[in-house]
Amino acid sequence: MKSTLIHIVLIIAAILIGGAIAGHMHEEQNKQMPYKSLENTTPIGGFHKFASDIDWMLVIQYMGGLKSVSKENVDEVIKRFEKIVSYDPNFESAYEIGAMSFSVENPEKAVEFLERACNNPQLKNNWKLPFYAGFILTHSGKDDPEKVKKAIGFYEMAIKRSPTPEMYVVNSYLRARAKAMGLNNDKLAMLKILFGEWKKNAGMREIETTSIIPDLNQKILKAAQEARREYPDDKELIEFSKKVMQEVFKDQHICTYCLSIYAPGDKFCSCCGQSVQVFGTCQKCGTVLKAGFCHKCGTKAPAVLVQAPSVQEGMEPPPVAKKVAKPVPAKKAAK
Amino acid sequence: MSSKLIAGTVIVLVPAFIVYMTSESLLREAAIAGINPEQVNSETILKELPSQIRDSINYSVMLSQFKDSVANASTPAEKANALCTLADYTTDIKEKEDLFEKVIKKYSTQKESANAYFYFFNKQGPKVVKIGIPELQKYILQFSFLDQFSLWGLALAQLKSENIPESKQLEFLIPLLYIEPNFRDYTALYEKIAYFASRQSKSALYDKARKCEEKCLKYPFIETVLMKELIKTKGQEK
């Protein structure tokens, strides 16, 4: 009787100590691996990844038997994908494929599902997850400005996560921002956003460009050209595009009609055929200049063509070369 | 002991002691005479020492230099700067916290006190001074827009490094929506607000941040303004 009592006391003490140690270890584990807190607490002896793999295979089988994800089966599909990521919160493919599969029937749930993945620090380098979330938001709520604004955050996250963002990600971001502006003219909105991005970095080019949008200047030119083509009579757009061209491409020669860059010596724009202001030719013989002097007649080129591009605001001008006295011919010197 | 024995001992020991001291001093002088004072200075001696001793000597030297600069500082800005430098350098946590506390209590209107605020900002555990989001906002907002920009940026970087939730980071930046800074650099902060607002589905805040961002685009960069001032000062000097 006495020994039984001792055994019972020992068992209780062991359970209590074991529980305390397990609790402490769980806390420590959560500190080391924060994603573990997202995991399912079912006691399966640490075989969570294995369980998620089995569920993944079962989902593949289940999805193979479906014609499409419809109203009838969407809840079951969500439940199955939820179960997989509850066992393994870092299962990227489950998030991507799962969210896309039920995004048409239940876009809100798909965005919520992807948002959970975006907030998982273990998946912080995956740019596709926020992109899909943004994509679902913009396509499920085209007229809802709230959804479009929420999508911008996801697109921005996708661009920042990607070392070389894909063009479609950048364009989706720009389109969403243009839509969120709420202007009637979408092309003008796009141009305004691109010009704003350019202005944010315009004075800092010497240090580092901070824009998240690659090839900004080319994008501005293309957007201005498209806008002019689609809305040739919009006065506000014409004025704004003129201002943009003057500021962004102040060192380049652009056709005022179609906004294409033309080469030195061109009398007509090669894109639209309109006459353009000729530049870069010799004032005497009209030959296209290659350097400081005309290679045909020897006439000195105007200073504008020889000098370096205009000095940036606030920067010191480059040192001006001193005038060197012409060597005096020997005969004259003797006289 | 007989008096003869005592006298004999004294007669032997005292001259022996004097001879010992004289020979020792002669030997030491002879040893030092060969040293070139230009080659042997504190730095060369320090180089020869083991790293642990060298570090501790360096630490003491630097600490005393920083203490000297605290004593020599005359203006409140200089005092705040010197105290913060000393507090940053010292490894004694108690001394560090005392110094930063002193800076916050005495020099809360100096921009040089920023390090003290950042030290206590959002600090976990027992605190000497409690600096939360409202206190830091109040401290930053008292300065000119030129000085404010870097402080906002540093505070935001600290929040980010401590993995503070985005909702808190947004809350911290909210006062920026109610001021009109006249520098283009602030667009980066407004962009951050717009990003946080977008992530948290706060549409009104998003719109406001974008409007503020657009307003800031009209103004020059801090770098440009400073460069112009520098050129102007150089011109006046000439």
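## A residue in chain A

In which helix of chain A is the place of Leu137(A)? Leu137(A) sits in helix α6, residues 128-140 of chain A, where helices (H or I, at least four residues) and strands (E, at least two) are DSSP runs numbered from the N terminus. The model is a predicted one, in which local features need pLDDT of at least 70 and side-chain atom pairs count only at pLDDT 80 or more, while totals for chains, interfaces and linings use all residues. Residues are numbered from 1 along each chain as its sequence is written, and chains are lettered from A and ligands numbered from 1 in the order in which they are written.

Leu137(A) is buried, because 28 other C-beta atoms lie within 10 Å; a residue is buried at 20 or more other C-beta atoms within 10 Å of its own, exposed at 12 or fewer, and partly exposed in between, with C-beta atoms placed from the backbone. Leaving aside neighbours within four places in sequence, Leu137(A) is in contact with Val111(A), Lys147(A), Lys150(A), Ala151(A) and Phe154(A), a contact being two residues whose C-beta atoms, placed from the backbone, lie within 7 Å. Leu137(A) and Asp251(A), 114 residues apart in sequence, are 41 Å apart in space, C-alpha to C-alpha.

## Chain A as a whole

Chain A has 13 helices and zero strands, and buried residues make up 27% of its 335 residues. Of the contacts in chain A with a separation of 6 or more, 45% are between residues 24 or more positions apart.

## Nonpolar cores

A nonpolar core is a set of buried Ala, Val, Leu, Ile, Met, Phe, Trp, Tyr and Cys residues joined through C-beta atoms within 7 Å. The largest has 61 residues, of which Tyr95(A), Leu114(A), Ala133(A), Tyr155(A) and Leu191(A) touch the most other members. Helix α7 (residues 145-161) of chain A gives the most to this core, with eight residues.

Beyond its neighbours within four places in sequence, Tyr95(A) is in contact with Val85(A), Phe113(A), Leu114(A), Ala117(A) and Leu129(A). Apart from this core lies another, of 37 residues, among them Val103(B), Leu176(B), Leu189(B) and Tyr190(B).

Helix α1 (residues 2-32) of chain A has 31 residues and reaches 45 Å from its first C-alpha to its last, close to the 45 Å expected at 1.5 Å a residue; the expected span is 1.5 Å times one less than the number of residues. In chain B, the 22 residues of helix α3 (residues 51-72) should span 32 Å at 1.5 Å a residue, and the end C-alpha atoms are 31 Å apart, which agrees. Both helices are hardly covered, as the count of buried residues is zero in α1(A) and zero in α3(B).

## Domains and the chain interface

The domain assignment of chain B, which comes from an automatic or database source, gives domain 1 (51-131) and domain 2 (140-238). Their C-alpha centres lie 27 Å apart, and the contact takes six residues from domain 1 of chain B and nine residues from domain 2 of chain B.

Between the chains, the contact takes 15 residues from chain B and 14 residues from chain A. On the side of chain B that touches chain A, the elements giving two or more residues are α10 (187-199), α11 (203-216) and α12 (222-237) of chain B.

## Confidence

The mean pLDDT of chain B is 89, with 98% of its residues at 70 or more, pLDDT being the predictor's confidence in each residue, from 0 to 100. The model scores ipTM 0.71 and pTM 0.74.
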